[in-house]
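This report describes a two-chain model, taking the interface before the individual chains. The sequence and structure come first.

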Amino acid sequence: MTLNDRLKRIATDRVLYLMLVPFLVYFIVFHYVPLIGNVIAFKRFTPARGIVESPWVGFMYFRQFFASTYFVRVLRNTVIISVTTLIVGFPAPIILALMLNEVRHTAYKRVIQSVTYLPHFVSIVVVAGLIVQFSSARGLFNDIIVALGGTRTSLLLQARLFVPIYVGSEVWQTVGWGSIIYLSALSTIDPNLYEAAVIDGAGRFRQLLAITLPCLLPTITVLFILRTGQLLSVGHEKIILLYNPLTYETADVIMTFVYRKGLIDLSWSYSTAVGLLNSLVNGFVIITVNTIARRVSDNSLW
Amino acid sequence: MVSGKTLNPLSFDVWNYIVLAALGVLTMYPFYYMIVASFSTGNSLLAHQGVLLWPVDPTFIAYEKVASNPKIVRGYLNSIYLVVAGVGLNMTITSLAAYALSRKHLVGRSFLLKFAVFTMIFDRGLIPLFLLVRNLGLYGSLWSVIMTFAVNTYNLLIMVTFFRGVPESLEESAIVDGAGHFRILLEIFIPISKAVVATLILFYAVGRWNGYFYAMIFLPNPDRWPISLVLREIIISEQMSDYLGGVDVGDQGSVSETIKYATAVVTTLPILLLYPYLQKHFTKGVMLGSIKG
């Protein structure tokens, strides 16, 4: 198409471009402007002076962050929470889907599905609220601990318990929902394969190993790769509801640190620098992982 | 692991059913507990140990306090406003853009899609977003939350994919009839995509209803808080003084315990009521998202 043709095309499609105006305004104003606003990471920003007038300081805030004790702490916590969630939370929906797949009674299967999907729709504040209530010294978890011969303690005040509580509740909330995609993959397996296996004398466990798992493997691979793309983005919105100064040692992650430094301590430039670092690393990981996903299969984010 | 030969199909099935049932109970019990506790008397609830199956010393006091509390009622109204105005804006921008971006011959289509997808890869940054909201004068207004999440790129992509599948013949015959793009979108595309439209409305609405974080940072005035943020104050920060009006000092500890549960129930209620409908459409949405590829 020549330039002239293109211009003609654009002119005839002007109504379509008009329809794109709100979309463009939104993404420019609310995404690209703040992206540029990240320059305050390289400036000593004060609201009084504004972004333009504030003096440049180069990489000072980045160096400050790398030199602080927080750097190691928030990076370590982010990785630990994220990797633990991945190790426990990734296989859980696969196992659930395989178990549901073995259920012959459709009604029973549907009830279990409906029940396990529910937590996905419930507000993080309600979930965190229940965790806070159950973990308190007089709460349900402690009743269970006492029944098992333990002693009562406020569970959310103990740094060593934060990761298990966070990861456990995360798996609880996401396992059912996560199984949907595997169940749909399982439903596409050709029933003839199983019939042939039965004729060959394969038991159900043998069928699982020889047919079900290999058929599920492409889905598992792609979801695993895509999941690693979120390795440094943990659920800071939930952590903010559950942590407290006594558990910062194990609970404070990069984004909770950015939130506290920026919006509570008002260290604008410093927290922007930390946030920018996090966005850049995340973006880089997503691109890498997506490139891999596209190579090994035709499933990818873009 | 059980080996293939010793696996008795009957016993495997039995165990499978039992484990799944246990998982079901484990999933539902916290919500059941929340409901039962909200109808109990606080002091009796605190004294109660172990599994709770029925309200202890049943009472409606917590709900009376919740229904008559101006902060909770206002929170509810704010949340409804957020959902109605927010989802209205979401769907308007998303469907207009999805329609235009689904036209195969549109010059710049692929660039515009990348322009949106880029924002999924590189986060805009919490602090720059906060400063932007303040500079635009949105700080303190519910529109701060509404505007900053006007389009979800993932939802947009789902709709673009769906619109691309609409048969071109339908569009062509409409053009012959002299219909413009706005009319084609409203009278052909939206009605033919009812399922995906419903799915996206629900995706947006549940997110708007449940969200608390951006409301927390953009809305300093409690009069503007959505219900999720009110619940956070009650149950996480345990700031109860505004919620115990008219309760005897001696009973405050007791009542405050059950108000927490009652507010959590009230916050979850719309989700529970819509759940059967939600589940149907959300499941479809997950499939649509995965088909995209």
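How many residue pairs are in polar contact between chain B and chain A? The count is 21, with both residues of each pair at pLDDT 80 or more. A polar contact is a pair of N or O atoms within 3.5 Å; within protein, one must be able to donate a hydrogen and the other to accept it, and residues adjacent in sequence count only if both atoms are side-chain atoms.

## Basis of the values

The model is predicted: local features need pLDDT of at least 70 and side-chain atom pairs pLDDT 80 or more, while totals for chains, interfaces and linings use all residues. Residues are numbered from 1 along each chain as its sequence is written, chains are lettered from A and ligands numbered from 1 in the order in which they are written, and side-chain values use heavy atoms, with hydrogens and water left out.

## The interface between the chains

On the side of chain B, 98 residues are in contact with 89 residues of chain A, contact being heavy atoms within 4.5 Å. The two chains bury about 8,600 Å² between them, and 76% of this lies on carbon and sulfur atoms. Buried area here is the accessible area (1.4 Å probe) that two parts lose on being put together, summed over both.

The rule finds one salt bridge across the interface, a salt bridge being a side-chain nitrogen of Lys or Arg within 4 Å of a carboxyl oxygen of Asp or Glu. It pairs B:Asp13 with A:Arg204, with 2.9 Å between the closest N and O atoms. Helix H1 of chain B (residues 9-38) gives the most to the side that touches chain A, with 18 residues. Helices (H or I, at least four residues) and strands (E, at least two) are DSSP runs, numbered from the N terminus. By class, that side of chain B has 68 nonpolar, 21 polar and nine charged residues. Ala, Val, Leu, Ile, Met, Phe, Trp, Tyr, Cys and Pro count as nonpolar, Asp, Glu, Lys and Arg as charged, and the others, Gly among them, as polar.

## Overall form of chain B

Chain B has 14 helices and zero strands. Its radius of gyration is 25 Å, well over the 19 Å that the globule rule gives for 293 residues, so chain B is more spread out than a compact globule. The radius is taken over C-alpha atoms, and the globule rule is 2.2 Å times the number of residues to the power 0.38. Along its principal axes the C-alpha trace of chain B spans about 75 × 70 × 35 Å.

Of the 293 residues of chain B, 54% count as buried; buried means under 20% relative accessible area, exposed over 50%, and partly exposed in between (1.4 Å probe, protein chains only). Among contacts in chain B between residues at least 6 apart in sequence, 73% join residues at least 24 apart.

## Salt bridges

Over all chains the count comes to 14 salt bridges. One of them joins B:Glu233 and B:Lys71 at 2.8 Å, N to O. B:Glu233 lies in helix H13 (residues 227-236) and B:Lys71 in helix H4 (residues 70-101) of chain B, so the pair ties together parts that are 162 residues apart in sequence. B:Glu233 is buried at 12% relative accessibility, and B:Lys71 is buried at 11%. Helix H4 of chain B also holds B:Arg74, whose salt bridge with B:Asp223 has its closest N and O atoms 2.6 Å apart. B:Arg74 is partly exposed at 31%, as is B:Asp223 at 32%.

Within helix H14 of chain B (residues 252-292), B:Lys260 and B:Glu257 lie three residues apart, about one turn of the helix. They form a salt bridge at 3.7 Å between the closest N and O atoms, and both residues are buried. In chain A, salt bridges that share partners join A:Arg73, A:Arg76, A:Glu249, A:Asp252 and A:Arg260 into one network.

In helix H16 of chain A (residues 254-264), 10 of the 11 residues are buried, so the helix is largely enclosed by the rest of the structure. The buried residues include A:Phe257, A:Tyr259, A:Arg260 and A:Lys261. Just after this helix, A:Leu266 takes a positive phi of about 60°.

B:Thr153 belongs to helix H8 (residues 153-164) of chain B and is buried, with a relative accessible area of 8%. Leaving aside residues up to four places away in sequence, B:Thr153 touches A:Phe27, B:Ala116, B:Val117, B:Thr119 and B:Met120.
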